[in-house]
Amino acid sequence: GLICLNGHVVNSSAKDHPEHNSNFCDECGSKTINACKYCDASIRGRYHAGGVFDLTGYNAPAYCHNCGKPYPWTEIKLNTIKESQVHISV
């Protein structure tokens with residue numbers, strides 16, 4: 001998959017349909033990535049089985065399937081939660 005740093009799915013089928021890829025998100029302008037910044041494993045996109053039409057949609061995964069580290073959009077959410085907890089406990 002091709003996903004922006006804020007977690008917007010730009011192309012869930014980046015390998016099968018590269019003509020829909022872009023370097024930046026058309027929703028927020030953030031840079032797009034297609035691999036984990038920690039282990040360089042490709043971000044899994046939508047799974048296509050021959051002749052099967054998938055109606056479930058595709059959401060950006062939160063963590064890398066290869067190393068288990070959070071993707072940038074997950075890190076943003078985790079940091080926001082941590083910051084809000086600090087403000088509450090002060």
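Which residues does Glu75 touch, not counting residues up to four places away in sequence? They are Lys37, Tyr38 and Pro70, where contact means heavy atoms within 4.5 Å. The model is predicted, so local features need pLDDT of at least 70 and side-chain atom pairs count only at pLDDT 80 or more, while totals for chains, interfaces and linings use all residues. Residues are numbered from 1 along each chain as its sequence is written, and side-chain values use heavy atoms, with hydrogens and water left out.

The protein chain has one helix and three strands. Both kinds of element are DSSP runs numbered from the N terminus; helices (H or I) have at least four residues and strands (E) at least two. The order from the N terminus is β-β-β-α. The pLDDT, the predictor's confidence in each residue from 0 to 100, averages 89 over the protein chain. A score of at least 70 is reached by 86% of the residues. Mean confidence is highest in E3, at 98, and lowest in H1, at 84. Of the 90 residues in the protein chain, 27% are buried. Buried means under 20% relative accessible area, exposed over 50%, and partly exposed in between (1.4 Å probe, protein chains only). Among contacts with a separation of 6 or more, 47% join residues 24 or more positions apart.

Glu75 belongs to helix H1, residues 72–89. Its relative accessibility is 17%, so Glu75 counts as buried. The side chains of Glu75 and Lys37 form a polar contact at 3.0 Å. Such a contact is a pair of N or O atoms within 3.5 Å; within protein, one must be able to donate a hydrogen and the other to accept it, and residues adjacent in sequence count only if both atoms are side-chain atoms.

Thr32 is placed in strand E3, residues 32–33. Thr32 counts as buried because its relative accessibility is 7%. The Thr32 side chain reaches the backbone oxygen of Ser22 at 2.7 Å. Beyond neighbours within four places in sequence, the contacts of Thr32 include Leu2, Val10, Ser22 and Phe24. Asn11 is 21 residues away along the chain, and its C-alpha atom is 9.8 Å from that of Thr32.

The largest nonpolar core has nine residues: Ile3, Ile33, Cys36, Ala41, Ile43, Tyr58, Cys64, Tyr71 and Trp73. A nonpolar core is a set of buried Ala, Val, Leu, Ile, Met, Phe, Trp, Tyr and Cys residues joined through side-chain atoms within 4.5 Å. Leaving aside neighbours within four places in sequence, Ile43 is in contact with residues including Ile3, Ile33, Cys36, Tyr58, Tyr71 and Trp73.

Rings of Phe, Tyr and Trp (its six-membered ring) pair if their centres lie within 6.5 Å; planes under 30 degrees apart count as stacked, over 60 as edge-to-face and the rest as tilted. One aromatic pair is counted by this rule. Tyr71 and Trp73 are stacked, because their ring centres are 5.0 Å apart and their planes are at 20°. Tyr71 and Trp73 are both buried.

Two loop residues contrast in exposure. Asp40 lies in the loop between E3 and H1. Its relative accessible area is 61%, so Asp40 is exposed. Most residues other than glycine have a negative phi. Asp40 has a positive phi, near 70°. Ser12 lies in the loop between strand E2 (9–11) and E3. Ser12 counts as buried because its relative accessibility is 15%.
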